[in-house]
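The paragraphs below go through a few local sites in one chain. Please keep the sequence and the model at hand while reading.

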Amino acid sequence: MPDITKFYIDGQWVEPAELNLVDVINPATEKSAGQVAIGSAADVDAAVDAARRAFVTWGQTTVDERLEVLNKIIAEYQNRMGDLAAAVTEEMGSPVGLTNAAQVPIGLGHLMTAAAQLPDFKFVEDRGTSRIAKEPIGVCGFITPWNWPLNQVMCKVAPALATGCTMVLKPSEVAPFSAAIVAEIFDAAGVPAGVFNLVNGDGPGVGAALSSHEGIDMISFTGSTRAGIEVAKSAAPTVKRVAQELGGKSPNIILDDEDFAKNVAGGIVTMMMNSGQSCNAPSRMLVPAARVEEVAEIAKGVAADLTVGDPTTDVRLGPVVSEAQFDKIQGLIERAIADGATAVIGGAGRPEGLETGYYVKPTVFTDVTNDMEIARTEVFGPVLVVIGYDSLDEAIKIANDTEYGLAGYVSGKDVDEVRKIGSQIRAGSISLNGAQLDPSAPFGGYKKSGNGREWSDYAFDEFLEVKSLLGFGA
């Protein structure tokens, strides 16, 4: 990918206030794939100023005017899907099959969902003699991660555009190429100058400047719970709205019935997708204690079939995103073994024959209790723990015994039982019997998994203020 030495501010590609380039490392080769400029508070100031000027007019646009712009963006996005796919695979190691089937289409899906739901969204409601109006909150700051880069950008940008907000985006400096193409798409679509601005940078620099900026009315962050806490602290003095989609350690309760083997296999495959680098990954599999050994045998077969290798080829798993992430995962695996967990497949080190690249063996642990570090910490790699339960009440208790509450999974033959259990898991998104994520349903977490909701028209409300016009109908 070409170097990204400029930022997209006020409808133009502009030089940073001070040039500071860092390498973007291809995780499959461990070599530089290009460089990206790292911004500063001065660059954030310029972008926020542009967004505030643009909000004066964009915030007053009609639904039809915003819908026209969204549809133009959709058309340009479709024209650039090949470029986006190449960027995602190179910058964060997503295998081409996953990139083309999910990573790129999901960004388009958020745009199309926003465009579909915007015409029927009620921005005005009359109650007696009062009018209740929903108005755009203003200038939004977006801080997005590297693991599903287009999903995380578009599930913020699409509803913000639809509701009349302007914005400044800071994508992950680890995976900035796809976000730069997004800026090119918006430019080609004729998005008015200043409505969308892109400043690359790191968390301590650009991220902190965005979250603390007086000119930012709302900050939306996706990333680790640790970083989310820092964003909230930075935002507190300006009393801006903060929306967060943070970490997870999601339970997957498998019921004891004739579909057990199928559901165990499905849970393993879902966990390993994207090399386990998904905040909602079903990383704790809860199974009847008497069937843990059976799970171990299933895991050996399923995980052995998950090919790992060069993400530009037909493999199921690519590398994890960086050396730092690789080292963190290896440390967690090694400590889990030291704590008494048994790696029935996988374990420490790279897969055989892959000496270069940040590749991790698909790993499944048994002999795990829910108080172990490996059962409580978000690994963000292809590592699954299997925990036994003696009753469904105990399974639900274990499922909820976590500081996180982003997602949960329940699978079994008895649909009524599955629904009942799902309703008792304290998490924001529960998948019943392998149901996939639904763009028309909200996504977000309980507890330390965050606050607010993304996806669907529920996301619109995150970007709106509510005004009461008393006596409007008198």
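Thr-222 is in contact (heavy atoms within 4.5 Å) with Ile-143, Thr-144, Pro-145, Gln-152, Lys-156, Glu-245 and Glu-454, leaving aside its neighbours within four places in sequence. The model is a predicted one, in which local features need pLDDT of at least 70 and side-chain atom pairs count only at pLDDT 80 or more, while totals for chains, interfaces and linings use all residues. Residues are numbered from 1 along each chain as its sequence is written, and side-chain values use heavy atoms, with hydrogens and water left out.

Thr-222 belongs to strand β10 (residues 218–222); helices (H or I, at least four residues) and strands (E, at least two) are DSSP runs, numbered from the N terminus. With a relative accessible area of 5%, Thr-222 is buried. Buried means under 20% relative accessible area, exposed over 50%, and partly exposed in between, with a 1.4 Å probe and protein chains only. The side chain of Thr-222 makes a polar contact of 2.8 Å with that of Lys-156. A polar contact is a pair of N or O atoms within 3.5 Å; within protein, one must be able to donate a hydrogen and the other to accept it, and residues adjacent in sequence count only if both atoms are side-chain atoms.

Ser-322 sits in the loop between α10 (292–304) and α11 (323–338). Ser-322 has a relative accessible area of 19%, so it is buried. A polar atom of its side chain lies 3.1 Å from the backbone nitrogen of Gln-325.

Asp-414 caps the N-terminal end of α14, with a side-chain oxygen 3.2 Å from the backbone nitrogen of Asp-416. Which residues of α14 are buried? They are Val-418, Ile-421 and Gly-422. Seen down the axis of α14, these buried residues fall within an arc of 100° (taken from the directions from the helix axis to the C-beta atoms), so they line one face of the helix. On the other side of α14, Asp-416, Arg-419, Lys-420 and Ser-423 are exposed. The cover over the buried residues of α14 includes β12 (251–254), α13, β18 (407–411) and β19 (429–432).

Between α13 and α14, Leu-392, Ile-396 and Asn-400 of α13 meet Glu-417, Ile-421 and Gln-424 of α14.
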